[in-house]
Amino acid sequence: MMPVEQLIVALVSILLILGLIFTKVNPAVLFSAGGLSYLVTDLIELKPLLNSYTHPALVTLVLLIIISTAFERTRMISMMVRNCVGEGFIGILKALLTTSLLSALLNNTAVVSVLISGIKNNSKLSAHRLLLPISYAAIIGGTLTLVGTSTNLIINGLMVEQGLPGFNLFSFFVPSLILLCLLIPLVVLTAYLFLSNDKDVMRDGRRYFVEAKVNDDSPLIGKTVLENGMRNLEHLFLIEVIRRDQLISPVSPNELIEASDILIFTGEVKKLDDIMQLPGLTLFDESIEVLQRNLVEVVISPTANFIGKSIKDCDFRATFDAAVVAIRRGDKQLSGKMGVHRIQPGDSLLLATGHDFLMRKNISQNFYILSKNGVPPTNGWKMWLMAIGFPVAILVGTFTSLSLPESLLLFSILLLVTKILKPGNVRRRFPFQLILVVGSALAMAQVAISTGAVAKLVELVLLAAPGVTVWAGFVAVYLLTLVLTELITNNAAAAVMFPIALGFAQGFDVSVLPFIMAVLYGASASFLSPYGYQTNLIVYSAGNYRLIDYLKVGLPISVAYSLTVINIVPEFFPF
């Protein structure tokens with residue numbers, strides 16, 4: 001009979017995993033509920049629980065995210081990649097290697113977000129062929145260093161919490177470099193085999209979806225589509241007319257425009273001249289003058305609090321000081337009135353924003369921001385201060401008596417003093433939800449281990465499969481982490497699997513390092529869907545992808561990545 005505390009841990013853990021997989025409840029809510037359940041059942045005291053939210057690893061992660069907002073305001077990253085982007089196989093290879101190296105030190109979500117706009121506008125390479133490989137390169141590059149991805153820092157924090165020696169900046173650089181050298185050429189090859197050149201595809205109308213209503217006094221009324229010049233628009237294509245709930249599609253050039261018609265266009269809506277030259281239109285319940293405001297391209301985050309709601313019901317103006325100009329969903333051709341479409345993770349929106357948009361505290365929870373028209377970039381000496389100061393801060397925190405959180409904090413203060421980083425940016429991007437997830441995970445892992453629940457789980461597994469070897473246990477930990485990463489995201493998978501990995505190592509009475517590395521690499525092995533890793537989701541609509549694209553390109557990468565990890569980790573971190 002299991003002790004009561006172990007039963008509580010088992011029940012809470014099962015409910016947490018089921019909640020992460022099968023519900024749309026925010027992971028921050030689920031992890032916080034798990035931590036609080038341990039508090040009310042006296043499995044953890046208040047002080048240790050609160051201390052987990054200020055753990056040095058978590059502080060480091062928060063500071064890195066804050067500093068990344070300053071990099072987003074410079075042209076440095078996009079300049080580096082633009083100079084490396086060339087034509088053909090070699091061009092993609094250079095772009096991916098550059099992305100990987102940037103992701104080794106910078107937040108890879110921020111790196112991909114900054115790159116998307118420049119890649120979409122480059123004339124040398126197809127965005128459809130390049131963006132998904134860029135995401136994969138950022139994921140692989142993030143494994144190079146301790147600060148390359150949030151899961152590395154989370155796992156390091158969990159190790160320190162258990163009294164184990166933590167990693168240094170380059171603890172797993174060599175095996176990850178081998179992984180990078182083997183996989184990047186494969187990523188390029190699969191991109192050429194399975195992703196088409198989209199220069200023609202992107203002109204077929206499957207871009208942004210925009211709705212415009214014909215005002216009662218519009219000069220367009222009574223004239224045909226052809227007479228109004230709607231067949232000669234350079235960047236937009238009229239695909240539907242909705243008239244008194246009647247859908248007219250395809251639209252004939254001789255179709256007469258009537259008052260209150262809803263005109264549905266697709267195309268490159270950011271080229272605003274096409275819309276502006278059509279008088280007497282209201283753009284999705286907004287006046288055409290709304291387009292004079294700053295345009296911001298965003299991707300809907302999986303943690304957005306309006307997932308499943310229609311665009312009409314979200315009230316973007318009151319909530320975000322923004323108006324929806326257009327929507328895009330992967331390669332899908334949307335149809336009907338824009339307001340009825342229910343928002344899904346990965347949707348791209350083009351927003352006309354007011355002055356308060358970037359100051360709203362709920363922005364980072366709901367959106368990944370891809371482009372910010374009207375936001376002046378930081379250049380000159382400030383850009384050079386960023387370029388030199390950040391790696392110096394990393395090196396100082398790694399090789400001197402000053403800790404990494406301390407050196408990054410000093411650098412952040414310097415950025416604030418020099419106004420490279422502004423309080424509003426910090427407030428907007430402060431990762432409250434990540435703090436709740438990671439802090440709660442640290443506390444829950446401690447309880448799972450201290451109560452003996454993990455040891456009991458491992459004991460039951462070994463009793464059920466008495467012939468299992470250490471190597472088989474290591475492979476099982478890696479594969480389970482990989483599956484959870486695809487199902488519940490990378491950070492949650494790392495938090496759930498770390499205590500199990502530690503328990504297996506103790507059960508086999510071997511070194512914990514190979515099992516911990518199995519979790520570290522498994523948590524970054526998200527190549528099969530848009531939803532397991534933030535960078536995959538960000539490129540979903542921007543690259544005009546289908547879910548099958550992730551399987552066709554990602555499956556060979558996932559298999560090669562897994563085989564490489566399973567074979568090289570025990571060589572560098574022996575049992």
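Hi everyone. Let me start with a helix pair: helix H9 passes helix H18 in a right-handed crossing. Before I go further, please keep in mind that this is a predicted model. H9 covers residues 150-161 and H18 covers residues 432-450. Their axes lie 10 Å apart, and the helices pack at an angle of about 35 degrees.

Who makes that contact? On the H9 side you'll find Ile154, Gly157, Leu158 and Glu161. H18 brings Val438, Ala441, Leu442, Ala445 and Gln446. Sorted by class, that contact between H9 and H18 has 6 nonpolar residues, 2 polar ones and 1 charged one.

Now let me step back to the whole protein. DSSP gives us 24 helices and 10 strands. The protein has 575 residues, and 57% of them are buried. If we take contacts between residues at least 6 apart in sequence, 79% of these join residues at least 24 apart.

One more helix before we move on, and that's H15, residues 381-399. With 19 residues at 1.5 Å a residue, H15 should span 27 Å, and its end C-alpha atoms are 26 Å apart, so the two values agree. Which residues of H15 are buried? They are Met383, Met386, Gly389, Phe390, Ala393, Ile394 and Gly397.

On to the charged pairs. The model has 6 salt bridges, and I'd like to walk you through some of them.

Take Arg243 and Glu258, whose side chains meet at 3.7 Å, N to O. Is Arg243 buried or exposed? Its relative accessible area is 7%, and the cut-off for buried is under 20%, so Arg243 counts as buried. Glu258, at 30% relative accessibility, is partly exposed.

Next come Asp549 and Arg546, with a salt bridge of 3.5 Å, N to O. Here Asp549 is buried, at a relative accessible area of 2%, whereas Arg546 is partly exposed at 38%. Going back to Arg243 and Glu258 for a moment, both belong to a network of salt bridges that share partners, along with Arg244, Glu255 and Asp261.

Then there's Arg329 with Asp347, at 2.8 Å, N to O. This pair links distant parts of the chain, 18 residues apart, with both residues in the loop between strand E8 (322-328) and strand E9 (348-353). Arg329 and Asp347 are both buried.

Let's stay in that loop between E8 and E9, where we also find Gly346. How accessible is Gly346? The relative accessible area is 0%, so Gly346 is buried. Leaving out residues up to four places away in sequence, Gly346 touches Val299, Ile300, Leu537, Tyr540 and Ser541. Have a look at Tyr540 in your viewer: Gly346 and Tyr540 are 194 residues apart along the chain, yet their C-alpha atoms are separated by 6.3 Å.

Key: Residues numbered from 1 in each chain as written. Predicted model: local features only at pLDDT ≥ 70, side-chain atom pairs only at ≥ 80, totals over all residues. Heavy atoms only, no water. Salt bridge = Lys/Arg side-chain N within 4 Å of Asp/Glu carboxyl O. Buried < 20%, exposed > 50% of the residue type's maximum accessible area, 1.4 Å probe, protein only. Helix = DSSP H or I, 4+ residues; strand = E, 2+ residues; numbered from the N terminus. Expected span 1.5 Å × (residues − 1). Axes fitted to C-alpha atoms, helices over the stretch in contact; angles between N-to-C directions. Left-handed = near helix turned anticlockwise from the far one by under 90°. Contact = heavy atoms within 4.5 Å. Nonpolar A, V, L, I, M, F, W, Y, C, P; charged D, E, K, R; others polar.
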